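The sequence and structure are shown first, and the description follows.

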Amino acid sequence: MSTDLQTHLGSPFEPHHETHEHAHPSDKLYIVTALILAVITAAEVATYFIEGFGDLNTGAQIAILFPMMIAKFVVVCGWFMHLKYDNPIFRRIFVFGLVLAVCVYMVALTSLHLFGDAA
Amino acid sequence: MSDHILTLGGVQEEQPAHDAHATSTGISNEKLAMWVFLGSDCLLFGALISTYLLLRHRSTTGPEHLRVPKDVFDIPFTSVSSFVLLMSSLTMALAVGAIHRGDIRRCRAFLATTALLGATFIGGQVYEFTAFKREGLGFTTNLFGSAFYTLTGFHGAHVSIGIMFLLSLFVMSLRGNLGPDKAETVEIFGLYWHFVDIVWILIFTIVYLIP
């Protein structure tokens, strides 16, 4: 019985898989990625110099700036941190931590009336 | 030596440059540990950013002009700092790419450049803190000051720790202890450095651009 199980599962003390190397983006792709990030950052900073942008309400500012922030976040995670190419388990672990943090603090901020005050 | 094959989309398929350590899961334990750490660090920075958002407009003490974030920040200066940190992510990625190809000299140069860019960012932060302090905004001046210094200070501490790691890797490479067999070590450190960068991406938008 235990021998059958061991045949299926292997010994817990005996490593049975080699770690897998994943594909790496080329230097050219890294540079293109950095250029994209620089352009998005420039667009973000440009909003500061646009006349009247500061007078917009917070909701409108968030609607304009958050997509750019999220785009930068995703690009760095996907290409520089290799989440796009690496084992999906790493992506799941990181996304779990990220989603947990967002959920926990959104609940906390809502319960402390942050969004009510902003409106 | 490692071999690499250029494929469509500019992605190089790496052949293992060394005998990868065997694990029961088939994935590197060290890399897994770093991702778990980064996932948990999201909670730390989530707490700091949330605290800042809650407290930034609730200051009742200190000079009037130092209670409103948008009257305090120097956006052009911080934009340059942000750009410097963003470019340090590029040099870090290039260092990882170089060591995977077995090009130690190039890797060392990119590690040094990354450390230099990180130090420039920290220098900018020290200058910014000093300027705020000179204007009268200290850590205990008001709630905004406390929350701001705690959030950006924690981030600065992460960057500083990263610079120390970078210098350690640089010294290791000078002593000949950083070969292609240590490619994963550099890659794992790279994850930490990029994480510090994405945290700044959030801070820059949430704290500085939406005051």
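How many helices and strands make up the secondary structure of chain B? Six helices and three strands are present in chain B, where helices (H or I, at least four residues) and strands (E, at least two) are DSSP runs numbered from the N terminus.

## Basis of the model

The model is predicted: local features need pLDDT of at least 70, side-chain atom pairs count only at pLDDT 80 or more, and totals for chains, interfaces and linings use all residues. Residues are numbered from 1 along each chain as its sequence is written, while chains are lettered from A and ligands numbered from 1 in the order in which they are written.

## Chain B

Along the sequence, the elements of chain B run β-β-β-α-α-α-α-α-α. The C-alpha atoms of this chain occupy a box of roughly 65 × 35 × 35 Å along the principal axes. Of the 211 residues in chain B, 43% are buried; a residue is buried if 20 or more other C-beta atoms lie within 10 Å of its own, exposed if 12 or fewer, and partly exposed in between, with C-beta atoms placed from the backbone.

Two residues are in contact if their C-beta atoms, placed from the backbone, lie within 7 Å. Among the contacts in chain B with a separation of 6 or more, 78% join residues 24 or more positions apart.

Helix H5(B) has 32 residues, which at 1.5 Å a residue should span 46 Å, and its end C-alpha atoms are 46 Å apart, in agreement. The expected span is 1.5 Å times one less than the number of residues. After H5(B) comes Gly176(B), with a positive phi near 80°.

## Chain A

Chain A is divided into domain 1 (25-82) and domain 2 (87-119), with bounds from an automatic or database domain assignment. The centres of the two domains, taken over C-alpha atoms, are separated by 20 Å.

## Two histidines with positive phi

Most residues other than glycine have a negative phi. His82(A), in the loop between H3 and H4 of chain A, has a positive phi near 65°. His113(A), in the loop between H4 and helix H5 (114-118) of chain A, has a positive phi near 60°.

Which of the two classes, buried or exposed, applies to His82(A)? His82(A) is buried, because 23 other C-beta atoms lie within 10 Å. His113(A) is exposed, with 11 other C-beta atoms within 10 Å.

## Interface and nonpolar core

The contact between the chains takes 52 residues from chain A and 49 residues from chain B. By class, the side of chain A that touches chain B has 34 nonpolar, 12 polar and six charged residues. Here Ala, Val, Leu, Ile, Met, Phe, Trp, Tyr, Cys and Pro count as nonpolar, Asp, Glu, Lys and Arg as charged, and the others, Gly among them, as polar.

A nonpolar core is a set of buried Ala, Val, Leu, Ile, Met, Phe, Trp, Tyr and Cys residues joined through C-beta atoms within 7 Å. Of the 66 residues in the largest nonpolar core, Tyr52(B), Ala95(B), Leu151(B) and Val186(B) touch the most other members. H6(B) gives the most to this core, with 16 residues. Both domains of chain A give residues to this core, so the core lies between them. Not counting residues up to four places away in sequence, Leu151(B) touches Leu48(B), Ile49(B), Tyr52(B), Ile203(B) and Val207(B).
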